[in-house]
Amino acid sequence: MKDYEVKVLDENDHIFIETLRNLGMSRNVATTMAYLMNVDEASSREIEISTGLRQPEVSLAMRLMRNQSWVNVRSEKKPGKGRPIKIYSLAAPVDEIISYYEEAL
């Protein structure tokens with residue numbers, strides 16, 4: 001069995017997530033964004049483990065964030081066979097993302 005280290009969201013992150021949700025951001029996007037703010041980059045699996053979101057929830061959040069050009073995506077080949085994993089990082093400043101939702105109010 002492999003050791004796997006991931007960061008987890010703390011109380012301040014959960015307060016930030018609630019603030020984003022009050023602006024109209026979905027729970028999935030708010031939670032994913034809060035996690036990506038705390039790391040340089042993360043795989044979909046790391047996001048799932050750290051945030052408690054399920055795989056389809058992370059995928060939906062990433063699709064919305066990619067469509068808005070808020071995240072960068074790169075593929076990384078795993079050793080051996082199998083599909084490459086996608087690595088995500090925030091591409092847009094958090095202020096810009098928040099402004100998008102503030103303007104929509």
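Is Y101 buried or exposed at 11% relative accessibility? In this predicted model, Y101 counts as buried, because its 11% relative accessibility falls under the 20% cut-off.

## Helix α5 and its buried face

Y101 belongs to a set of buried residues in helix α5, which spans residues 94-104, and the other members named with Y101 are V94, I97 and I98. Viewed down the axis of α5, these buried residues fall within an arc of 95°, so they line one face of the helix.

The buried residues of α5, in turn, pack against several elements, namely helices α1, α2 (27-37) and α4 (55-67), together with strand β3 (85-90).

W70, Y100 and Y101 form one aromatic cluster, and the model has a count of 3 aromatic pairs. In the pair made by W70 and Y100, the ring centres are 5.3 Å apart and the planes stand at 75°, so the arrangement is edge-to-face. W70 lies in the loop between α4 and β2 (71-76), whereas Y100 lies in helix α5, so this pair ties together parts that are 30 residues apart in sequence. The rings of Y100 and Y101 are likewise described as edge-to-face, because their centres are 5.2 Å apart and their planes meet at 85°, an angle over the 60 degrees that this class requires.

W70 counts as buried, with a relative accessibility of 3%, and Y101 counts as buried at 11%. Y100, with a relative accessibility of 38%, counts as partly exposed, because that value lies between the 20% and 50% limits.

## N12 in helix α1

Helix α1, which covers residues 11-22, contains N12, and α1 is also one of the elements against which the buried residues of α5 pack. N12 itself counts as exposed, because its relative accessibility of 56% is over the 50% limit. Between N12 and A34 the C-alpha to C-alpha distance is 9.8 Å, although the two are 22 residues apart in sequence.

Key. Residues are numbered from 1 along each chain as its sequence is written. This is a predicted model: local features need pLDDT of at least 70, side-chain atom pairs count only at pLDDT 80 or more; totals for chains, interfaces and linings use all residues. Side-chain values use heavy atoms; hydrogens and water are left out. Helices (H or I, at least four residues) and strands (E, at least two) are DSSP runs, numbered from the N terminus. Buried means under 20% relative accessible area, exposed over 50%, partly exposed in between (1.4 Å probe, protein chains only). The arc is that of the directions from the helix axis to the C-beta atoms. Contact means heavy atoms within 4.5 Å. Rings of Phe, Tyr and Trp (its six-membered ring) pair if their centres lie within 6.5 Å; planes under 30 degrees apart count as stacked, over 60 as edge-to-face and the rest as tilted.
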